[in-house]
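User: Please take a close look at one part of this model, and then connect that part to the rest of the chain. A plain account with the cut-offs stated will do.

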Amino acid sequence: MKIFVDKIPEGGLELSEKIEPGSLLLEDQTVISFLNPIDVKADVTKTSGEIFVDISVESPVEYTCVKCLSRFDGIFRKKFNVIREVKPAEVVELDDEIRQEIILDYPMKVICKPDCKGLCPNCGQNLNAGECECGK
Ligand SMILES: [Zn+2]
Ligand SMILES: [Zn+2]
């Protein structure tokens, strides 16, 4: 997301953009996968020498359960602010900040349901689908 400082009017500016997860290097992670363009909205205001950007990010994602490795859908949402010192005609690129803020909010562990039984360590069967033959 680029912000042209000299195009920000007195009353501020609202920007909205869809960013490809690939361009933020976010497409496939261990616990969370971004499969669709990420919705990024920004409220930009300018004071002398600084811009203040109120950003909200939203995207459908797929999580991978750490216990049974099944995938399930979710929504990733985050709001954050960026304050930057700027020169009058500067073009500010915010993709790096957006990427870092998203990564900061990655869940460490996701489970598909509180009582997920996980995989059998022996045969790898998903125990949510039923008991395996190993224990017998
Ligand atoms: Zn699970
Ligand atoms: Zn087993």
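The account below starts with the metal sites and then turns to the helix and the salt bridges.

Analyst: This is a predicted model, in which local features need pLDDT of at least 70 and side-chain atom pairs count only at pLDDT 80 or more, while totals for chains, interfaces and linings use all residues. Residues are numbered from 1 along each chain as its sequence is written, chains are lettered from A and ligands numbered from 1 in the order in which they are written, and side-chain values use heavy atoms, with hydrogens and water left out.

Donors here are N, O and S atoms within 2.8 Å of the metal (3.2 Å for Na, K and Ca); water is not among the atoms, so sites may look incomplete. Four donors count as tetrahedral if all angles lie between 85 and 135 degrees; four count as square planar and six as octahedral if opposite donors are over 155 degrees apart and all others between 65 and 115, and anything else is irregular. The ideal angle for four tetrahedral donors is 109.5 degrees.

Distant parts of the chain are linked by one pair: Cys68 sits in the loop between β5 and β6, and Cys112 in the segment after α1, 44 residues apart. Helices (H or I, at least four residues) and strands (E, at least two) are DSSP runs, numbered from the N terminus. Cys68 is buried, with a relative accessible area of 5%, whereas Cys112 is partly exposed at 27%. Buried means under 20% relative accessible area, exposed over 50%, and partly exposed in between (1.4 Å probe, protein chains only).

The loop between β5 and β6 also holds Leu69. Phi of Leu69 is near 65 degrees, which is a positive value in a residue other than glycine. Leu69 is exposed, at 53% relative accessibility.

The zinc ion (ligand 2) is coordinated by the SG atoms of Cys120, Cys123, Cys132 and Cys134, at 2.3 to 2.4 Å. This site is tetrahedral as well, with angles of 104 to 115 degrees among its 4 donor atoms, and the donors follow the spacing C-x2-C-x8-C-x1-C along the chain. Cys123 and Cys134 both lie in the segment after α1 (95-104), so this pair ties together parts that are 11 residues apart in sequence. Cys123 is partly exposed at 43%, and Cys134 is partly exposed at 33%.

The helix itself comes next. Glu97, Ile98 and Ile102 are the buried residues of α1. They lie on the same side of α1 because they cover an arc of only 130 degrees around the axis, the arc being that of the directions from the helix axis to the C-beta atoms. Asp96 and Leu104 are exposed on the other side of α1. The buried residues pack against β2 (13-19), β3 (32-34), β4 (38-47), β5 (50-64), β6 (71-85) and β7 (91-93), where contact means heavy atoms within 4.5 Å.

Salt bridges make further links. A salt bridge is a side-chain nitrogen of Lys or Arg within 4 Å of a carboxyl oxygen of Asp or Glu, and by this rule there are 7.

One of them joins Asp105 and Lys78, at 3.1 Å from N to O. Asp105 lies in the segment after α1 and Lys78 in strand β6, so the bridge ties together parts that are 27 residues apart in sequence. Asp105 is partly exposed at 36%, while Lys78 is buried at 13%. Through shared partners, salt bridges join Lys78, Glu101 and Asp105 into one network.

Another salt bridge pairs Glu93 with Lys2, at 3.2 Å from N to O. Glu93 belongs to strand β7 and Lys2 to strand β1 (residues 2-4), so parts 91 residues apart in sequence are tied together. Both are partly exposed, Glu93 at 32% and Lys2 at 47%.

Lys18 and Asp39 also form a salt bridge, with their closest N and O atoms 3.2 Å apart. Here strand β2, which holds Lys18, is linked to strand β4, which holds Asp39, across 21 residues. Lys18 is exposed at 56%, and Asp39 is partly exposed at 25%.
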